[in-house]
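Here is a friendly report to read alongside the model on your screen.

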Amino acid sequence: MKDDWFAFTWLVARRELMERARAKSFKVATVILLVAVAAGVAVPALISGQKPVVQVGLVGGSAGARAVALEAGKVTGTVVRARPEPSLAAAKEALRKGTLGLVVVAGKEVLLKQVTSSNGTSSLTALARAIAQLEGESELLASLPPAAAKAIERGAALPVRGLLPPPRSLTLKVTGFVAALVIYILLLTYGMRITVGTQEEKTSRVAEVLLSAIRPSQLLMGKVLGMGLLFLLQIVALLTTALVAAAASGSTLLRGSSPAVLGISAVWFLLGYAFYCTLFAAAGSMITRQADSYNATLPMQIPLILGYILADTLTFSSVSTFDKVLSFFPPTAPVIGPAIYAAGGVVLWQVALSCLLCVAGTVAVGRLASTIYARSLLRTGIRVKLRDALKNELAT
Amino acid sequence: MLELVDLRRHYGSTVALDGLSFSVKTGRVVGFLGPNGAGKTTAMRAVFDLVPLDSGHVHWKGSPIRPSDRRRFGYMPEERGLYPGMRVGEQVTYIGRLHGMGPSQAARAAEHWIGRLGLTDRMKDKIEALSLGNQQRAQLAAALVHDPELLVLDEPFSGLDPVGIDTMSDVLAERARAGAAVLFSSHQLDLVEHICEEVDIIDNGRLVASGPVDDLARGGHPTLEVKLTEDPAGDWARSLGDLGTVSSINKGMVSVVIGSRDKSQLVLDLARAVGTVEHFGFRRKHLSEVFREAVKAGTQ
């Protein structure tokens, strides 16, 4: 094999990926997560989101009436199944038998089996009223000269225009916050897994054998790369499951979410992982007991929690200067980034600048983490103090 | 040849290596001895760049060691360790790959060494399912899988049963015959004396004795051991005069330190003149004595 850095790093990454994917605990956890996500998306939609289905009979002018009926279905949230009827008598018979919910007699009337109340709010009544309104307007416009019909369609009111751009919708802000929440949870969860994985490698004393053949940087990067790829596969599987479950169940989970916010969130997750993964590994190299992992990772948890809290406040509050500053600060940017963009606090070029700063920060902390990792990994016994690791005063 | 030259390393006020220098020739098995805390592990780790040195250097075949050289070395650290949840065969193959072997080459070599060390039927078992002794064999297989040119083993015999010790001894001798340089540390001095051609003894981070085992065993002033059949108190030795100094008398066996080997025949003549000589010969020191004397002298 060539003496190139990446080839050996990839060997480490590949082992990490394969061994962890093969572990029973990983398989069980992933299956549970997939089932939970599918159920979380589909069950609410199946319980509450069943749209009523109405069979609509069309008598005369069926093409135009069909379009009107389908449009009315969209407006009222009803699934419309429209079919032409051979005659008005046949349609009325079907209406009486209940095989049709309502009948549209083109240009004339909308028939129901029975109108229960003039102010009825049932889905069938609402659909009948919508069809009657649209069909009536359609007939009226058809009877007018083309110029007049066009003027009416355009509307008579003057346009209204604001000097400032309109505020971001609540839906968009909520999308940004949810993205920040998901990134916060994923970075913390996967970060802790890296810490524990590194601590186990140190405790099993295999690190010394590995480091006799490859460099600490290769072991560190291979580890976080392999685990990162596995996490990414897990996320893709979860997202795919969520989307398939949403499509199959008619869930409105992603309705109103912005592709731009989702795209930026994906970028921030990847940058956040790159920024934090080596630090979590360095923390793992300093401890010998899993019980110490919480304290060892506290310096990483604090900026993540701060970013999450600020992202939460952005949903209902305006963007402050403090929020903006922290959106450029690499430790907090990956979490607050999607939320502040969704809230309109930053524009795309500022997002790009913040991403660049995060990349630069990743390089800097990667070097620091690599140093700590190399100096702490072979130190067994008591927990390594950060000051000692940096001063290189560790007895072996 | 492996050369460690003037290695120095301190941790705070503790001096781990204090100008340590020695070398290991190819084709030789060299024992690396020293009391606990003498700096053996630090020196062995320095070969693999696992500890940063304050000063000094380690050379292999006359040049500074590069990462590609290091991949041709085999190492068994004092603190044994392999991935507990990984299968034996896959683990040894993986270590082979980290030393630059191709996938099939590493798999074949892993199978060979695992078989050679008696673990063929445990190939697919996880490391954590093996006994400690078998884990140690797997660890040795990991150190040998790439047929290293230099083998550095920190306490390789610790925890092994007699059969395991024999296997390990055979493998070390075999590797040396194949042209590898073998350096290992041990506190089992009888074993070291049996296996090694040379030893290096360190204390407080410094070399205190070094050389072929036979030379060290004969080193210092020659000592004769003489026993006369009818003189259990060793009274005959009172007439030695300037020929030598009695260092001990034990059940009639008189140990006489003489100035030079030439005087041995004079001592024999004197003894024969007194009575029947039951035993006469130069005393060969055990390695444990050499070790104690070297460490004591180093401390003083």
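## An aromatic pair in chain A

Y273(A) is buried, with 12% relative accessible area; buried means under 20%, exposed over 50% and partly exposed in between, using a 1.4 Å probe and protein chains only. F231(A) counts as buried too, at 3% relative accessibility. Keep in mind that this is a predicted model, where local features need pLDDT of at least 70, side-chain atom pairs count only at pLDDT 80 or more, and totals for chains, interfaces and linings use all residues. Side-chain values use heavy atoms, with hydrogens and water left out, residues are numbered from 1 along each chain as its sequence is written, and chains are lettered from A and ligands numbered from 1 in the order in which they are written.

How many aromatic pairs does the structure hold over all chains? There are 11. Rings of Phe, Tyr and Trp (its six-membered ring) pair if their centres lie within 6.5 Å; planes under 30 degrees apart count as stacked, over 60 as edge-to-face and the rest as tilted. One of the pairs is F231(A) with Y273(A), which is edge-to-face, with 6.2 Å centre to centre and 85 degrees between the planes. F231(A) sits in helix α9 (residues 216–249) and Y273(A) in helix α10 (residues 259–285) of chain A, so this pair ties together parts that are 42 residues apart in sequence. Helices (H or I, at least four residues) and strands (E, at least two) are DSSP runs, numbered from the N terminus.

## Rings in chain B

Now look at W60(B) and F73(B): their ring centres are 5.2 Å apart and their planes are at 75 degrees, so this pair is edge-to-face. W60(B) belongs to strand β4 (residues 55–60) and F73(B) to strand β6 (residues 73–76) of chain B, so the pair ties together parts 13 residues apart in sequence. W60(B) is buried at 2% relative accessible area, and F73(B) is buried at 0%. Ring pairs link F48(B), W60(B), F73(B) and Y75(B) into a cluster.

## Around L150(B)

Is L150(B) buried or exposed? L150(B) is buried, with a relative accessible area of 0%, and its place is in strand β7 (residues 150–154) of chain B. Not counting residues up to four places away in sequence, L150(B) touches L2(B), V47(B), W60(B), R72(B), F73(B), G74(B) and A181(B); contact means heavy atoms within 4.5 Å. The C-alpha atoms of L150(B) and G241(B) are separated by 53 Å, and these residues are 91 residues apart along the chain.

## The whole chains

Chain A has 16 helices and 4 strands. Along the principal axes, its C-alpha atoms fill a box of roughly 95 × 50 × 40 Å. Of its 396 residues, 44% are buried. Among contacts in chain A with a separation of 6 or more, 76% come from residues 24 or more positions apart.

Chain B has 10 helices and 14 strands. Its C-alpha atoms fill a box of roughly 75 × 45 × 30 Å along the principal axes, and 50% of its 300 residues are buried. Residues 24 or more positions apart account for 69% of the contacts in chain B with a separation of 6 or more.
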